[in-house]
Amino acid sequence: MGTYMGCWRLVFGAAILFLLGFCDSNTAPNFTFMHNATTAPAISYYDYIIVGGGTAGCPLAATLSQNASVLLLERGGSPYGNPNITDLGAFGAALADLSPTSPSQRFVSEDGVINARGRVLGGGSCLNAGFYTRAAAGYVRDAGWDGRLVNQSYEWVERLVAFRPPVQGWQSAVRDGLLEVGVVPDNGFTYDHIYGTKVGGTIFDVEGHRHTAADLLEYANSTRLTVLLHASVHKILFRTRGKVRPLAHGVAFRDASGTRHTAYLKRGSKNEIIISAGAIGSPQILMLSGVGPEEHLKAHNITVVLDQPMVGRGMSDNPMNAIFVPSPSPVEVSLIQVVGITHFGSYIEAAGGENFSPRDYGMLSPKIGQLSTLPPKQRTPEALAKAVEFMNSLDEAAFNGGFILEKIIGPVSAGHLELQTLNPNDNPSVTFNYFQDPLDLERCVQGLHTIEKLIESKAFSKFRFNDMSIPTLLNLTARAPINLLPKHENSSRSLEQFCKDTVMTIWHYHGGCQVGRVVDHQYKVLGVDALRVIDGSTFNYSPGTNPQATVMMLGRYMGQTILNERLATDEP
């Protein structure tokens, strides 16, 4: 046991690596409609202009192109042919890449949690754990969505990007342990969100290749769709003269060389601009375009088009906490496959394996900057270099094991987003207020209690050392040196403190353009015409255990809805 105790610190960061992902197969599809923005004309015209080619934007563009001309603007590059994205051996490398053209853009919330956002065609579906699961039936009802069209839209997505994962020894033990400790019933393999324990889907195929939202462009009508890469949108253009309400009619964007281009909507009352830039990008673009809190916009010398104080409000990120369990038995490499859906509002998931390459790209590795809540003054090159040196000195034997995590539903706690600069490529300031609401903290504690019981279950006994107690695991986790927060002695005495000390992101942040606050139930921006927001920024809380399936579904769902509205008129 001594070897594992001594090497613990790296192990924990190594295991959590598997919440991340890498993108699609090695073979790029023949997308004749995909071009670098430098080739775009200075002025162009389309029926629909979509800002953001991410998890929602790609299925939305593919759907709308069936009956209309569509321009899809993506600020990043293609996921295809980039070994840091497509190659399993380079797993995590994209997160370590801090260059301006990296598919991942790091940001640090004001809470101190280091996070990431997608900057690539396919968006966050290129950087996540790949777990695929639908939203609960109650979520669909609360959203006011049509259940039949929702199911059809999920199935449309699943035909290209969802698969059944192989469940082996360690994941099976996690599943059986959850059932043993009362997270019942056993729901087998299903995409559905049901109380109990289940095996969910994955966007990795049997050959280990990731399939992302970008693959959904295979559905597109190639003669009606234009996808421009490295196209950074600076603002939405509005007509206000002679209008009762501001009318969105164009988009100003710049290519990689800095050349300005303008895309306008064609004439027609059904033509629209749709922002699908994600929970960080969508409220940011609205503010840069003059739609947002008036005082904040004026402070940045932005001409106010519409005073909309709720833009950027309701920003939430589901906090994640995890316990690593060193194993005396071999552990297969696995991403998230099993989930326990509890009645008290916590989701239990797991990942593990010994081939993590953690010295390079573990989620808590200083090389990718995921150092949990890291005080900015301690986030120095010297401190990170020292942590890297320590990691490199550890024994490979420490990498055998896995981690079990809990993510809370919701959450209830929320914060806000504000501009820092007028450059759309810069990150705005984001505050999530993790565990501000006591209910979130209570759910975290209950989730950790369930993880403790799972670790001590008979079903999981093969994968734990009998002489490593739960308090030992908790304290070793809390004292990991790659988390440079002030340490609390014997954190295991207070799970509340453990939750606060070891909080991390699971990249499920949402809000900023919420339904009922910024957009209506058809995702039309309140107070302006010809402008919608369709992505995770509209969510009031995160759907299902993992949101990507529902974000992709929403792109297809709203594409169908918008086309139905269009076809109901006499307009082409």
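The legends below describe close-up views of a predicted model. Residues are numbered from 1 along each chain as its sequence is written, and side-chain values use heavy atoms, without hydrogens and water. Local features need pLDDT of at least 70 and side-chain atom pairs count only at pLDDT 80 or more, whereas totals for chains, interfaces and linings use all residues.

**View 1. The aromatic pair of tyrosine 139 and phenylalanine 539**. Rings of Phe, Tyr and Trp (its six-membered ring) pair if their centres lie within 6.5 Å; planes under 30 degrees apart count as stacked, over 60 as edge-to-face and the rest as tilted. The whole structure holds 15 aromatic pairs.

**View 2. An aromatic cluster**. Tyr139 and Phe539 belong to one aromatic cluster, together with Trp145, Tyr541 and Tyr557.

**View 3. The disulfide between cysteine 444 and cysteine 499**. A disulfide is a covalent bond between the sulfur atoms of two cysteines, assigned here to a pair of cysteine sulfur atoms within 2.5 Å. The count comes to 1 disulfide. Cysteine 444 is joined to cysteine 499 with an S to S distance of 2.1 Å. The torsion about their S-S bond is about -100 degrees, so the disulfide is left-handed. Cysteine 444 and cysteine 499 are both buried.

**View 4. Cysteine 58**. The closest cysteine sulfur to that of cysteine 58 belongs to cysteine 126, at 8.4 Å, too far for a bond. Cysteine 58 is buried, with a relative accessible area of 0%.

How values were computed:
Buried means under 20% relative accessible area, exposed over 50%, partly exposed in between (1.4 Å probe, protein chains only).
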